[in-house]
Amino acid sequence: MNEIVLMSDPRIAAIPVVDCGEALVDIRIGGSVTVDPRRGDHSGAFAHLREGVLTRLLKAQQFLPPGIRLLFIEGYRPPALQRKYFQRYADELRLANPDWPPTRVREAASRYVSPPEIAPHSAGAAVDLTLVTADGRELDMGTRVNANPEESDGACYTDADNVDSEARANRRMLIDALTAGGLVNYPTEWWHWSFGDRYWALATEADHAVYGPRELR
């Protein structure tokens with residue numbers, strides 16, 4: 001998939017979901033992944049992933065150089081919270097661009113927040129993460145995690161050319177490890193990776209997604 005396909009693309013919504021019923025697991029149990037509390041919530045929902053995603057995340061971590069670790073930022077996101085995030089960002093874009101038709105607002109919003117009905121985070125299939133050293137120092141990735149296209153002048157795009165060589169090398173380290181682990185990237189967000197969702201199915205030419213949106217019980 002060489003072109004940048006946005007989450008709002010009809011090809012994503014057209015992919016069927018045959019949910020395998022796999023459980024959402026709390027990745028904090030066992031301490032195998034370093035978890036950052038910045039996106040924490042009172043229920044701990046943010047620290048959950050489908051079992052298969054966690055398995056691949058742990059595999060990816062093994063491909064990192066000694067002294068470098070993945071830093072987990074956010075995984076599962078309840079559907080109601082996803083709707084809130086999407087609407088809030090769409091409203092910001094609509095206010096800044098009053099001449100845009102609804103279709104353009106939706107497309108632009110999907111560069112940064114997935115439309116709720118197909119959101120990988122709400123399926124427990126996506127994870128936002130970065131890299132840290134053994135002593136917890138975050139590596140320079142060119143932008144902060146969750147920087148939107150407006151504030152970063154597009155530097156949040158994974159292959160952006162307006163980041164320096166150090167950030168580019170660090171992104172390559174992240175890309176190589178997570179790709180080897182079996183995850184796929186959303187190319188407008190260097191930190192966003194997923195497995196088993198509709199976007200993964202498009203990227204890997206799978207017949208269907210194996211994880212669909214669900215509520216955390």
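Student: Is His-48 buried or exposed, and how do I read that?

Tutor: Buried means under 20% relative accessible area, exposed means over 50%, and partly exposed is in between, using a 1.4 Å probe and protein chains only. His-48 has 10% relative accessibility, so it counts as buried. Keep in mind that this is a predicted model: local features need pLDDT of at least 70, side-chain atom pairs count only at pLDDT 80 or more, and totals for chains, interfaces and linings use all residues. Residues are numbered from 1 along each chain as its sequence is written, and side-chain values use heavy atoms, with hydrogens and water left out.

Student: Where is His-48, and which residues is it in contact with?

Tutor: His-48 sits in strand S3. Helices (H or I, at least four residues) and strands (E, at least two) are DSSP runs, numbered from the N terminus. Contact means heavy atoms within 4.5 Å. Leaving aside neighbours within four places in sequence, His-48 is in contact with Leu-24, Val-25, Asp-26, Gly-75, Tyr-76 and Leu-216.

Student: What about Asn-146: which side chain does its own side chain make a polar contact with?

Tutor: A polar contact is a pair of N or O atoms within 3.5 Å; within protein, one must be able to donate a hydrogen and the other to accept it, and residues adjacent in sequence count only if both atoms are side-chain atoms. Here the partner is the side chain of Trp-191, at 3.3 Å. Asn-146 is in the loop between strand S5 (126-133) and helix H5 (149-152), and because its relative accessibility is 12%, Asn-146 counts as buried. Beyond its neighbours within four places in sequence, Asn-146 has Arg-39, Tyr-112, Asp-128 and Trp-191 in contact.

Student: Now helices. How do I describe two that pack?

Tutor: Two packed helices are described by the angle between their axes and the distance between the axes. Axes are lines fitted to C-alpha atoms, for helices over the stretch in contact, and angles run from 0 to 180 degrees between N-to-C directions. Take helix H2 (residues 51-61) and helix H6 (residues 165-181): their axes come within 7 Å and cross at roughly 130°. Angles under 35 degrees count as roughly parallel, over 145 as roughly antiparallel, 65 to 115 as roughly perpendicular and the rest as oblique. H2 and H6 are therefore oblique to each other.

Student: Which residues make that contact?

Tutor: On the H2 side they are Arg-56, Leu-57, Lys-59 and Ala-60, and on the H6 side Ala-177, Leu-178, Ala-180 and Gly-181. The buried residues of H2 are Gly-52, Val-53, Leu-54, Leu-57, Ala-60 and Gln-61. These buried residues pack against strand S1 (24-26), strand S3 (48-50), strand S4 (68-74), S5 and H6.

Student: At what angle do H3 and H4 pack?

Tutor: Helix H3 (residues 79-96) and helix H4 (residues 102-109) pack at about 120°, with axes 9 Å apart, and are therefore oblique to each other. Phe-86, Tyr-89, Ala-90, Leu-93 and Arg-94 of H3 meet Val-105, Arg-106, Ala-108 and Ala-109 of H4.

Student: Last one: what should I look for in phi?

Tutor: Most residues other than glycine have a negative phi. Asp-153, in the loop between H5 and H6, has a positive phi near 55°. With 65% relative accessibility, Asp-153 counts as exposed. Glu-205 also has a positive phi, of about 60°, although it is not a glycine. Glu-205 lies in the segment after helix H7 (198-204) and, at 72% relative accessibility, counts as exposed.
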